[in-house]
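Please look through the sequence and the structure below. The paragraphs after them go from one residue to its surroundings.

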Amino acid sequence: MESMTTTPPGAGLGAMIRTWRNRLPPSAAGVSVVRKRRAVGLRREELADLAGVSVDYVVRLEQGRATTPSVSVVASLARALQLSTAERDHLYRLAQIVPPADGTICDHLPPGMQRVLVRLGDVPVAVFAADWQLVWWNHGWAALLGDPSVAPPRMRNFARDRFPVGADHTPLVMWPVTETDPDTTDAALVSDLRHATGRFPRDSRLAALVRDLNAGNERFAELWAKGEVTANREVRKTVDHPSVGPVTVDCDVLTDGDTELKIVIMTAAPGSEDETKLQLTTVVGPPAGTRN
């Protein structure tokens with residue numbers, strides 16, 4: 001009897017990653033192309049950089065030598081490849097992982113959203129999930145506030161950063177930031193998490209976050225007990241940047257209606273000294289190894 005293969009040619013995990021990589025133009029992913037190239041889509045090293053994994057790991061995935069990537073790696077690959085929701089779920093299944101279910105928080109950026117974010121250029125932008133877990137940021141964000149990748153993945157959460165628990169706390173922002181009304185920001189953040197618990201009642205990560213902060217941070221517990229549910233408001237912040245000095249920016253939050261993803265954009269008043277400083281941050285960047 002002839003042996004039967006369970007996966008048709010070109011349909012396995014590695015083949016699909018390669019297919020999706022080859023179809024994504026570098027310009028759509030925000031990758032600058034300096035010289036002519038044969039490849040129409042992304043190169044392996046470019047995908048690795050966008051997904052935050054090693055080039056060797058991408059090679060092993062595409063060659064079928066690595067077949068069980070972690071949930072975080074699959075989520076990063078789906079974002080980097082700008083997959084649709086259906087394609088993302090297919091990638092999860094190929095990696096033998098159950099796709100995110102209804103009632104749980106989505107970390108996936110729709111392709112249309114990614115295209116818009118790329119076209120914003122170096123305007124400082126980050127995307128947070130419904131539980132304020134940081135899932136994407138651009139060069140402008142890292143230049144203004146510091147590179148979030150130095151923080152452990154679990155600590156890349158605005159709520160955990162705002163309401164620290166215990167001594168084991170890695171700041172999400174590398175230098176001091178002051179606000180015009182920090183109490184309003186605190187209240188809005190807590191009420192936003194309460195809204196998320198109603199929207200995503202089966203999400204274990206959100207439940208663990210609220211449980212940890214309620215038990216370990218007195219300020220959070222006090223605000224949570226009030227039971228308020230309010231919308232996010234725009235906030236003015238001043239970033240004490242180590243290279244260009246204080247930069248005052250307006251922080252606006254746009255929320256995607258379907259996924260509850262939050263797009264946070266930092267801008268300065270047009271024609272102001274702060275706008276000039278903000279532009280300088282993307283050029284000079286922060287001093288190496290600087291932390292708050």
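Which residues does Leu-109 touch, not counting residues up to four places away in sequence? Leu-109 touches Arg-79, Leu-83, Gln-114, Leu-117, Val-127, Val-135, Trp-136 and Leu-261, where contact means heavy atoms within 4.5 Å.

This is a predicted model, in which local features need pLDDT of at least 70 and side-chain atom pairs count only at pLDDT 80 or more, while totals for chains, interfaces and linings use all residues. Residues are numbered from 1 along each chain as its sequence is written, and side-chain values use heavy atoms, with hydrogens and water left out.

Leu-109 is among the residues with the most contacts inside the largest nonpolar core, which has 48 residues. A nonpolar core is a set of buried Ala, Val, Leu, Ile, Met, Phe, Trp, Tyr and Cys residues joined through side-chain atoms within 4.5 Å. Another core, of 24 residues, lies apart from it and includes Leu-13 and Ala-48.

Arg-79 belongs to helix α4 (residues 71-80); helices are DSSP runs of H or I with at least four residues, numbered from the N terminus. Arg-79 has a relative accessible area of 14% and is therefore buried, a term for under 20% relative accessible area with a 1.4 Å probe, protein chains only. Leaving aside neighbours within four places in sequence, Arg-79 is in contact with Asp-107, His-108, Leu-109, Gln-114 and Val-135.

Terms used:
Buried < 20%, exposed > 50% of the residue type's maximum accessible area, 1.4 Å probe, protein only. Helix = DSSP H or I, 4+ residues; strand = E, 2+ residues; numbered from the N terminus.
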